[in-house]
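Here's a quick briefing for anyone meeting this structure for the first time. Have a look at it, then read on for a tour by topic.

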Amino acid sequence: MAKKKVDAYAELHNEGRINARIIDAASGLKVISGIYAVRIHSKDFYALIMNDYLPALGKIDGDIVFLNREGEHPYRGIRGFYKHQHNEFTLLVEEYTGKE
């Protein structure tokens, strides 16, 4: 019997376990489920947060993109704060800078 090659990325794509809460004064609370990766592009750093990632806390001045089965959910040109712990990602949007 031949071994079946497992596509690890496809498995990860289908098992997004991160829940994101985006808190914004203008539009309130938005929740996105089933996220398998969060891309952070700030002016000082880049980061990629995935399932079961270490706890993280930081300030953002740039873009955040949430990736799940439905596609990408971008938040571009924002300034704010984020926290990731136990597969819960919270983004507090302070302001939209309009820079992309």
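Let's start at the surface: Asp52 is exposed, with a relative accessible area of 56%. (Exposed means over 50%, buried under 20%, and partly exposed in between, with a 1.4 Å probe and protein chains only.) Keep in mind that this is a predicted model, where local features need pLDDT of at least 70, side-chain atom pairs count only at pLDDT 80 or more, and totals for chains, interfaces and linings use all residues. Residues are numbered from 1 along each chain as its sequence is written, and side-chain values use heavy atoms, with hydrogens and water left out.

**Salt bridges**

- A salt bridge here is a side-chain nitrogen of Lys or Arg within 4 Å of a carboxyl oxygen of Asp or Glu, and the count comes to 6.
- Asp52 has Arg17 as a salt-bridge partner, with the closest N and O atoms 2.4 Å apart.
- Arg17 sits in the loop between helix 1 (8-14) and strand 1, and Asp52 in the loop between strand 3 (46-50) and strand 4, so this pair ties together parts that are 35 residues apart in sequence. (Helices, H or I with at least four residues, and strands, E with at least two, are DSSP runs numbered from the N terminus.)
- Arg17 is partly exposed, at 39% relative accessible area.
- Asp63 and Arg76 form a salt bridge too, with 3.9 Å between the closest N and O atoms.
- That pair links distant parts of the chain, with Asp63 in strand 4 and Arg76 in strand 5, 13 residues apart.
- Asp63 is buried at 15% relative accessible area, whereas Arg76 is partly exposed at 37%.
- Glu95 and Arg79 meet through their side chains in a salt bridge of 2.3 Å, N to O.
- Here the link runs between Glu95 in strand 6 and Arg79 in strand 5, 16 residues apart.
- Both ends count as partly exposed: Glu95 has a relative accessible area of 35%, and Arg79 has 23%.
- Arg79 and Glu95 also belong to a network of salt bridges with Lys43 and Asp61.

**Strands and hairpins**

- Strand 4 and strand 5 pair in the antiparallel sense over 12 bridges. (Two strands pair if DSSP finds at least two bridges between them.)
- A hairpin with 2 residues joins strand 4 to strand 5.
- Across this pairing, Ala56 stands opposite His84 in strand 5.
- Strand 5 also runs antiparallel to strand 6, joined by 8 bridges.
- Gln85 stands opposite Glu88 in strand 6.
- The hairpin of strand 5 and strand 6 has 2 residues between the strands, and His86 takes a positive phi near 55 degrees there.

**The nonpolar core**

- The largest nonpolar core has 18 residues, and Ile64, Phe66, Phe89 and Leu91 touch the most other members. (Such a core is a set of buried Ala, Val, Leu, Ile, Met, Phe, Trp, Tyr and Cys residues joined through side-chain atoms within 4.5 Å.)
- Strand 1 (18-24), strand 2 (28-42), strand 4 (56-68), strand 5 (71-85) and strand 6 (88-96) each give two or more residues to this core.
- What does Leu91 touch, leaving aside its neighbours within four places in sequence? Its contacts (heavy atoms within 4.5 Å) include Ile22, Ile60, Ile64, Phe66, Ile78 and Tyr82.

**Aromatic rings**

- There are 3 aromatic pairs in the structure. (Rings of Phe, Tyr and Trp, the last by its six-membered ring, pair if their centres lie within 6.5 Å; planes under 30 degrees apart are stacked, over 60 edge-to-face, and the rest tilted.)
- Phe66 and Tyr75 are edge-to-face because their ring centres are 5.9 Å apart and their planes are at 80 degrees.
- Phe66 and Phe89 also form an edge-to-face pair, with 5.6 Å centre to centre and 75 degrees between the planes.
- Phe66 lies in strand 4 and Phe89 in strand 6, so that pair ties together parts 23 residues apart in sequence.
- Phe66 is buried at 0% relative accessibility, Phe89 is buried at 0%, and Tyr75 is buried at 12%.
- Phe66, Tyr75, Tyr82 and Phe89 make up one aromatic cluster.

**A buried polar residue**

- Asn68 is in strand 4 and is buried, with a relative accessible area of 4%.
- The Asn68 side chain makes polar contacts with the side chains of Glu70 at 3.0 Å and His73 at 3.1 Å. (A polar contact is a pair of N or O atoms within 3.5 Å; within protein, one must be able to donate a hydrogen and the other to accept it, and residues adjacent in sequence count only if both atoms are side-chain atoms.)
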